[in-house]
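Visitor: I am new to this model. Where should I start reading, and what should I look for?

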Amino acid sequence: GRKDSVWSLGDGQPPEDLDKQIETPPLSTLLIEKPQTTSINVGGDASFIAKVEAKDLLRKPTIKWFKGKWMDLASKTGKHLQLKESFDRFTKIHTFEMHFIKAKADYSGNYRCEVTYKDKFDSCSFDFEVKGQSHSIALSAAALHCSFTHCFCGACVCEDAGELDFSGLLKHREPKQEEVPEVDVWEILKNARPDQYEKIAFMYGITDLRGLLKRLKKTKKEEKKSEAFAKKLEPAYQVDKGGKIRLVVELADPTVELKWYKNGQEIRPTPKYIFEHKGTQRIMVINNCSKNDDAAYSVRAGDEKCSTELFVKELPVNIVKELEPVNTTVNERIELECEVSEEGAQVRWLKNGVEVQTGARSRYRIKSEGTKHLLIIDDATREDSGTYSLMATGGTSQAKVKVDLKPLKIIQDLSDITIRLGQPLKLHCEISPGNVPGRWYRNGQAIQAIERINILQRARNHRLEIESSVIADAGDYTFVPEGYTQKLSAHVHIIDPPRVHLDRLNFPDNTVTIVAGNKLRLEVPISGEPAPRVVWMKGERVSLDCPGSNQGGSCSACGVEKSTDCQDLVPKNNYLDEILTCIKMDCLLSDIPDPPEAPLVTEVGGDWCFMSWSPPHYDGGSPILGYFIERKKKQSSRWMRLNFDLCKETTFEPKKMIEGVPYEVRIFAVNAIGVSKPSEPSKSFVPLAVTSEPTMLVVDEVTDTTVTMKWRPPDTIGAAGLDGYMLEWCLEGSDEWIPANKELVEKTKYTITGLPTEGKILVRVMAINAAGASQPRTTQHAILVKEVVEAPKIRVPRHLKQTYIRKVGEAVNLVVPFVGKPRPKVTWLKEEQIVEPSQVSIRNTDCDSIFFIRKAERKHSGKYQMSVQVEKHVDTAILDIQIVDLPGPPQAVKIDEVWGVNVALDWTPPKDNGNAPITGYTIQKADKKTMEWYTCIEHYHRTCITIPDLVVGNEYFFRVYSENMCGLSESATVTKDSALIVKEGLNLKIPDYNEYDFTEAPKFTQPLINTFAVAGYNTRLNCSVRANPRPKVMWMKNKIIILDDPRYRMFSNQGVCTLEIRKPSPYDGGVYTCKAINDLGEAQVECKLEVKGGMNFSDLLHRGVPLHLIDKFMNESKLPEPEKK
């Protein structure tokens, strides 16, 4: 494109795009270095650099340089402007540069750099200022006009004047110099109309009209004097919170209607907003201003409007009563109280500069009582010490809280104690204050509570209890209260006299039984401090004397053998006491027992069984100590031990088996010698469980002698499955349950027959499978065996409430549900005659009636009455069925008139309309020569038509088809005569016609229909009116005109009037009237609307219903319905 010599003043959008919004992608971060604002002198050089990181970019991004809003500098490059690009492969950074060389004063302005990559976008704006010199100031007047033109006058020609004018260089000639017209273009533009700007620019050679208009816009404009306001609102007002403000305007015309607005919403007079009139002044007073009143206000007088801003200044909340320092001790209550200048003020509590956290688990509670604010700590600890502060908008109050420990008082100190080994050790002390925790130490090591050591604390009492003391428990014990430096100490000494521990041998009656030929080794534990002297004896003879404390002996069948482990003894301790212990050794020959017999499984459950067995015939010479039990799956060879402790009984109950899997079990007998061989496996058995009880047992139907029950299957069935159900019943007050079914019932519904009339019974059901019967499910209340009469009610489907239309030959299948008990009697009537079964097939069930016609004929059309009767109760419904067929051809089609190339046809509707309204006609024409028919028009509604554009000299026949919802008639009616289109030149006598008067008073051709609506779903009321001239239509509810109510929408199209009620509620029910009025009269129709389904108080209030009407509606809805006779 052309490179203009002066390009710097073209900022902004082009004139044709002023109203077009600039669309840019969403901003993202692409620029890592942005151009910076620069200032230079005229004639200097300047550079602007932008850098983009290319690590995540697959190709080079696109960059554009703009001056102002829209001028793209890519087309302005030349001697004074250069654009460069480079890429560093090591740092992966794109560098974009823009250089100004020998900048001019008019290069100043705002510039923009835009970078785009796929869906990413980034932008940066910067300013470029070129400071002028004396020479440029001297030529500013002449250069101002030259900057907008392509002429080169003598006053502004310089060495750079033509360097950017490439079009002039291409012509190889010097540009013509023209004298600058001595006119003030500024004054011309200021005084001209906007539509003359382009003409002036063309006359004076101004090319950059956009830039010139932008400068012109910056000039001061005289404010147009308002025609409606003599004095407008101030630009802004300020008022203190709780104060009063007066907004005053003065009108030039006091009769103009005035409206006040807040944030665009009209303000109505209330106690808060008061409107005053004083002459031409209009005043709005706002009382008790709050933060909600901080908004934009405007006032409209006629077509003019003035606005202002109201700022509500909130007064600071000051500290009236400062916090007081608190010094207390632990476990005490702390209350910090501060009083502020305003009730309900928002304050913040801080501890050591951090805001105090409150909540269900916090130790802090914040409470406010009017202007008082309290911080409460119920059970103070030493961690609660610190600086607490209350921060309000008008100041801060601080106070220090110091929590010290209470002085320790020792009520009962620890005392030294000496006990025997194995006796319990108890240490007790009592200190004050109570509830002070502490730690126990033994020989400087902390004591932890374990199984035999209990550490107890109750109020002021602290206890250390050891169930059975050992030698290691001796030492120095210390109790240290937490938070105190004082400690309580005591010494514990444990003594242990010589003892022989025969109870550890586990030999009954001190008798040792061994197998013949085996070696006997006796290890008898002894204890005593210091170590006692041990002597072994056999009868009265000393077998071995053991003087050392770590010596002992062992006895075998062949003599005595030395050992160093434990001893049988006559010990001597360091107190010279002797303890004599005799061990009677009887050597008995024993062996392992025989295996028991195969066990018997007598009872099986879901994951368990019960088994029993007999002891073995031979116990091996030693009593049976117990039995081991093993099991395995029948298909497996891996046995699993079920008990690790011996089973003393001859019965056992294995558990944790898999339901439905066959198992086998076997037994091992155990005596003192060892374990026997396993018994023979038991017969295989399968664990099976009964199902859980059936659920949701309810009564389905009751007659005078039967009760129908239904239920749901059990929640848990198991591997045994479900074979069926068994039902039982009993009279109320009796325990004798009578089976209701001899065989199992597979369905979950059963009718119990043969019941006593008017008797009260209880029913229960059990689920049966291979494992047995489940727990029964019993009815909660007794059932009265008496049929309940329920009034019949026909529930007509929605599509049958209107006329049901079908074509001839189609099937008609209608299902009409109804309710009623006992089974209602259903009757169908047509024109008060019973419907003949040969014409219509009717099948009735307990809950519906089916109306079926295999091939519909027109004689089946009509209104059918369905009656449902239970005793004296009757309910009826009317079904309107319309069977439609193709219509017959029109009658008496004739040519009414022929003139020029036009033919007027006229006909009468067909005799047979096919039992449906005629929707239109199809007219065809045929040349007499060919008799080929062509359609002229389709779906034509009137019975007369003019066929135009016929060929001169041809003779035509015409025929007409009639049409209804089924389609065109099978045949058409052809005109008897033909129409000859004669040549021009013949005179046509035009008969005189009297002008027909089409005016007509309003008349409703389709009235309103009483309607039932469902609450919450939109409903429409429709009617049609005919009138000329066009009438004014009004809608009324309960004789009250509906105006500007958003819940109602009114439509009128081609005489069809519609009222749409959005999401109606019971309050919207009532009598609706449509009234049409024109100059010739008026007419109205009305209907009743009933809304089913209630709404609560909040729904009515949300929809804007007045409170007195809500109260009336709620009271009416609570009234009991009158009893039906």
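**Reading the model feature by feature**

Guide: Start with one residue. Arg 363 is partly exposed, because its relative accessibility is 37%. The cut-offs are under 20% for buried, over 50% for exposed, and partly exposed in between (1.4 Å probe, protein chains only). This is a predicted model, where local features need pLDDT of at least 70, side-chain atom pairs count only at pLDDT 80 or more, and totals for chains, interfaces and linings use all residues. Residues are numbered from 1 along each chain as its sequence is written, and side-chain values use heavy atoms, with hydrogens and water left out.

Visitor: Which residue does Arg 363 meet in a salt bridge?

Guide: The partner is Asp 384, with 2.7 Å from N to O. A salt bridge here is a side-chain nitrogen of Lys or Arg within 4 Å of a carboxyl oxygen of Asp or Glu. The pair links distant parts of the chain, 21 residues apart. Arg 363 sits in the loop between β23 (354-355) and β24 (364-369). Asp 384 sits in the loop between β25 (372-377) and β26 (386-392). Strands are DSSP runs of E, at least two residues, and helices are runs of H or I, at least four, numbered from the N terminus.

Visitor: Is Asp 384 buried or exposed?

Guide: Asp 384 counts as buried because its relative accessible area is 2%.

Visitor: How many salt bridges does a search of the whole structure find?

Guide: The search finds 35. Take two more cases. Lys 859 pairs with Glu 857, and their closest N and O atoms are 3.5 Å apart. Glu 857 is partly exposed, because its relative accessibility is 37%. Lys 1075 pairs with Glu 1082, the closest N and O atoms being 3.6 Å apart. Lys 1075 has a relative accessible area of 18%, so Lys 1075 is buried. Bridges can also share partners: Arg 333, Glu 335, Arg 365 and Asp 378 are joined into one network this way.

Visitor: How many helices and strands are there in the protein?

Guide: The protein has eight helices and 84 strands. Of its 1125 residues, 36% are buried.

Visitor: How do I read the surroundings of a residue in a strand?

Guide: List its contacts, meaning heavy atoms within 4.5 Å. Ile 319 counts as buried because its relative accessibility is 17%.

Visitor: Which residues does Ile 319 touch, not counting residues up to four places away in sequence?

Guide: They are Cys 338, Glu 339, Val 340, Leu 390, Ala 392, Gly 395, Thr 396 and Ser 397. Look at Val 340. It is 21 residues from Ile 319 along the chain, yet their C-alpha atoms are separated by 4.5 Å.

Visitor: Where is Thr 95 found?

Guide: Thr 95 is in strand β7, residues 93-100. Thr 95 is buried, because its relative accessible area is 14%. Leaving aside neighbours within four places in sequence, it is in contact with Ile 49, Ala 50, Lys 51, Lys 84, Glu 85 and Ser 86.

Visitor: What share of the contacts with a separation of 6 or more is between residues 24 or more positions apart?

Guide: That share is 62% in this protein.

Visitor: How do I read the backbone angles?

Guide: Most residues other than glycine have a negative phi, and most peptide bonds are trans. Look for the exceptions. A cis peptide bond joins Lys 821 and Pro 822, with omega about -10°. Pro 822 lies in the loop between β60 (812-821) and β61 (825-830). The bond from Asn 1028 to Pro 1029 is cis too, with omega near 5°. Pro 1029 lies in the loop between β78 (1019-1028) and β79 (1032-1037).

Visitor: What is the phi of Asn 288?

Guide: It is near 45°, a positive value in a residue other than glycine. Asn 288 is in the loop between β16 (281-286) and β17 (296-301). Its relative accessible area is 55%, so Asn 288 is exposed. Asn 443 also has a positive phi, near 55°. Asn 443 sits in the loop between β31 (438-442) and β32 (445-446). Asn 443 counts as partly exposed because its relative accessibility is 49%.
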